Amino acid sequence: MATTIPRSVRRCLTGPADRYKVRVVAADGGLEQSARAARVPLQKLVRAELVQGSGARLLAVYPADRQLDLKALEQLFKRPFEPCSRDEVTRNFEGCNPDALPPFGPAFGLKTVVDESIGELDEVFFQSGSPGQFIRTDGETFRGLMGEAWSGYSITEVPELGAAESMRRQVREVRKLPPMPGIAVEILRLRNNHFATAAELAAIIEQDPSLAAQLLRYAGSAFYGYQGKLDTVEQAVVRVLGMDFVMDFAFGLSLGRSFRQAADGPIGLNAFWRHAVHAAALTQALCNGIEYSRRPSAGVAYLAGLVHNFGFLLLGHLFPEQFERLNSALEVQPDRPVREVEKEILGLTHAEIGLWLMEAWDMPREIVETVREHHNADFRGEFAVYANLVCIANRLLRRHGLGDAETVEIPEALLHAVGLDRESIEVALATVLEVAEGLDSMARNLAA
């Protein structure tokens, strides 16, 4: 993607170049969606809006999580204001897209007023004139760039939030999210150590006897067909599962310990974990059916299958009242698509909620994309294989009454994208159904 900054804006960026960092993303979903994709906090992103009143034009600069208060401008400048037309904006900001106005009014011959809240920011992001392109600098530098702009005035108001937007804001308050469990953090740290040993990994897992027991049970199941006896986690790692898989397996299971919610109902803990462990095992089995030269990581595939619906867990954790309403609605309307009911009751879906959690925990891109796109059979891209495998697994499990897939149909194009065929997915499904009893036992332990 192009990173060219309009010349008029470049002239405004005084001082050393290392004061400014540019983030560029595809600009196909509006300011808020582009900002989220670029990991730009809305409360630190300034928006510029051109208004006019009695023949005078004024550029208002304010945080993107607020809305411009035209009445406040009227009281301040003793004249009514209204937003300029798109054509008027284009005429006044030559070389800039009207949907991505930079905040430097004087560079375009415009008087500028800056909301007082911007004076409190330690870092500021602003648009460069090109959609999807954000420039970051520290708050002091930004305030210096504003030059002769009027500042210190309150020109905004906090918008009233609908239910969905209110939930978004609460979820984005990272301090309210459950922290990543200590064992998961230790496993991540070990993952970055290329010289880590099976003994070190086993020592971390054995801090949680329940987690260690789950791992030994899985390694000794018919799924792997290991005939020997496994007495320790280290033996399970070395003889059966391997380091990479055990890291992902233990990491995923430990993450789920952060949440408690109602046990019963279509998305209660019992149903959630039963689906999650079956989806994880089936996603892993599907992965193993792919030709070796193009096969993705079995451990990441297992993790993707396990956590792709964590949005339900976060919903129950942060919003128990809404969770209860959704759980009850799904119980009395079992044939309606889950996402349709979610939109009706919550205004958003579990995939959106889960995505905020994955981003807050800084999860790997493969997992983030899976959480976002696991219902989308047409999703393609760099990390699409994991989302595609989870999509297939969910549709296969739906035949047996598990999960929230909206159809059991699996398009040929989806199979081709991951390198599987009809026969191979049926073999994978049969393999998982053979160990269903053991998976059910694991699910009960996780839900307890």
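**Reading helix packing, cores and backbone angles**

Biologist: α17 passes α18 in a left-handed crossing. Which residues of α17 and α18 make the contact?

Modeller: From α17 come Ala351, Gly354, Leu355, Met358 and Glu359, and from α18 come Ile367, Val368, Val371 and Arg372. By class, the residues of this contact are six nonpolar, one polar and two charged. Keep in mind throughout that the model is predicted.

Biologist: How should I read the angle between α17 and α18?

Modeller: Angles over 145 degrees count as roughly antiparallel. Here α17 and α18 pack at about 165°, and their axes are 8 Å apart. The two helices are therefore roughly antiparallel to each other.

Biologist: What else do the buried residues of α18 pack against?

Modeller: Besides α17, they pack against α13 (298–307) and α19 (384–398). The buried residues of α18 are Ile367, Val368, Glu369, Thr370, Val371 and Glu373.

Biologist: At what angle do α9 and α11 cross?

Modeller: The axes of α9 (residues 209–219) and α11 (residues 243–255) cross at roughly 135° and come within 11 Å. That angle makes α9 oblique to α11. The crossing of α9 past α11 is right-handed.

Biologist: Which residues meet there, and how do they divide into nonpolar, polar and charged?

Modeller: On the α9 side are Leu211, Gln214, Leu215 and Tyr218, and they meet Phe245, Val246, Phe249, Ala250 and Leu253 in α11. The contact of α9 with α11 has eight nonpolar residues, one polar and no charged.

Biologist: Now the nonpolar cores. Which residues have the most contacts inside the largest core?

Modeller: A core is built by joining buried nonpolar residues through their side-chain atoms. The largest one here has 102 residues, and Trp273, Leu286, Phe310 and Met358 have the most contacts inside it. Helix α12 (residues 269–288) gives the most to this core, with 12 residues.

Biologist: Which residues does Phe310 touch, leaving out those up to four places away in sequence?

Modeller: Phe310 touches Gly252, Leu255, Gly256, Phe259, Phe272, Trp273, Leu357 and Met358. There is also a second, separate core of 28 residues, and among its members are Ile5, Cys84, Val114 and Ile135.

Biologist: Is Asp440 buried or exposed?

Modeller: A residue counts as buried under 20% relative accessible area. Asp440 has 18%, so Asp440 is buried. Its place is in helix α22 (residues 436–447). Once neighbours within four places in sequence are left aside, Asp440 is in contact with Arg274 and His278.

Biologist: Last, the backbone. What should I expect for phi in residues other than glycine?

Modeller: Most residues other than glycine have a negative phi. Lys78 has a positive value, near 60°. Lys78 lies in the loop between α3 (70–77) and β5 (82–83). Asp362 also has a positive phi, near 55°, and lies in the loop between α17 (350–360) and α18 (365–373).

Biologist: Why does Lys78 count as exposed?

Modeller: The cut-off for exposed is over 50% relative accessible area. Lys78 counts as exposed because its relative accessibility is 71%. Asp362 counts as exposed because its relative accessibility is 54%.

Terms used:
Residues numbered from 1 in each chain as written. Predicted model: local features only at pLDDT ≥ 70, side-chain atom pairs only at ≥ 80, totals over all residues. Heavy atoms only, no water. Helix = DSSP H or I, 4+ residues; strand = E, 2+ residues; numbered from the N terminus. Buried < 20%, exposed > 50% of the residue type's maximum accessible area, 1.4 Å probe, protein only. Contact = heavy atoms within 4.5 Å. Axes fitted to C-alpha atoms, helices over the stretch in contact; angles between N-to-C directions. Parallel < 35°, antiparallel > 145°, perpendicular 65-115°, else oblique. Left-handed = near helix turned anticlockwise from the far one by under 90°. Nonpolar A, V, L, I, M, F, W, Y, C, P; charged D, E, K, R; others polar. Core = buried A, V, L, I, M, F, W, Y, C linked by side-chain atoms within 4.5 Å.
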